[in-house]
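Dear colleague,

I am handing over the structure we spoke about, and below it you will find an account of what turned up. Please keep it open beside this message as you read.

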Amino acid sequence: MVGLYLGAVKQVEEDQGKSSSYPSSKWICAVVIFACAVDAADKALLPATFKAMEDLMQVGPRDLGALSFAQSIAFSVALPFWGSMMRYYRPRDLLASGCLLWGMFTLVVSTSSSFHTHFMMRLFIGAALAVVMPIGQAMICDLVPEQERGTAFGVMKSVCSVLAEVSTFVTTALARSSVAGTSGWRVIYGVVAL
């Protein structure tokens, strides 16, 4: 996803030298909306895999709630940090680095069977996810003319909702099954990470 995003940014920068920036910025808006939608899908993964995690790690609802709580707290604490970084770095670089970190940590979750590793990765995932929505919204505000922002934000929220629902449905259905000899929830986490 980061490669797709950076490729779109490069194309927009090349196109900006040739013509007005708005038509070419539609591509980068689509990539930002996609990043926000994958963010929403990722947030739906943990609750959808609770039963599979419970079976794997032999933990109860309290421990599974602690995973969700850790991600939420790290998300909340990291939001001001990412926002303050916009003064020093370009939003596209922040979004790309946040998505890269988020993908790496999600990939580690897909390979781990330890509750403590999952807990630590949930902290890191929460901090990395905190960059996506606010920076993505700021980028859309910069790229889309004022009279079309409502439509852009409506499309973004609709795509986020649809992908979160699809993610919940597919993850719940496959979490406890086996896909190519691997636990279904691991495959799903790996797909979202990539």
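A residue counts as buried when its relative accessible area is under 20%, as exposed when that value is over 50%, and as partly exposed in between. With that in mind, and remembering that this is a predicted model, you can begin with Ser167, which has its place in helix α8, the helix of residues 149-174. The relative accessible area of Ser167 is 9%, and this residue is therefore buried. If residues up to four places away in sequence are not counted, Ser167 touches Ala41, Ala44 and Leu45.

Next, please look at two helices that pack together, namely α5, which covers residues 91-111, and α7, which covers residues 132-143. Their axes lie 10 Å apart and the angle between them is about 150 degrees. Because angles over 145 degrees count as roughly antiparallel, α5 and α7 are described in that way. The crossing of these two helices, α5 and α7, is left-handed. Which residues in α5 and α7 meet? On the side of α5 they are Pro91, Arg92, Leu94, Leu95, Cys99 and Trp102, and on the side of α7 they are Val132, Ile135 and Met139.

The last topic is the aromatic rings. A pair of such rings is described by two values, the distance of the centres and the angle of the planes. How many aromatic pairs does a search of the whole structure find? The search finds four, and two of these pairs are set out here.

In the pair of Phe115 and Phe119, the ring centres are 6.3 Å apart and the planes stand at 35 degrees, so this pair is tilted. Both residues, Phe115 and Phe119, belong to helix α6 (residues 115-129), where they are four residues apart, or about one turn of the helix. Phe115 has a relative accessible area of 17% and so is buried, whereas Phe119, with 29%, is partly exposed.

In the pair of Trp185 and Tyr189, the ring centres are 5.6 Å apart and the planes stand at 85 degrees, which means that the pair is edge-to-face. Trp185 and Tyr189 lie in helix α9 (residues 184-193), and because they are four residues apart there, about one helical turn separates them. Trp185 and Tyr189 are both buried.

Notes. Residues numbered from 1 in each chain as written. Predicted model: local features only at pLDDT ≥ 70, side-chain atom pairs only at ≥ 80, totals over all residues. Heavy atoms only, no water. Axes fitted to C-alpha atoms, helices over the stretch in contact; angles between N-to-C directions. Parallel < 35°, antiparallel > 145°, perpendicular 65-115°, else oblique. Left-handed = near helix turned anticlockwise from the far one by under 90°. Contact = heavy atoms within 4.5 Å. Buried < 20%, exposed > 50% of the residue type's maximum accessible area, 1.4 Å probe, protein only. Phe/Tyr/Trp six-rings, centres within 6.5 Å; stacked < 30°, edge-to-face > 60°.
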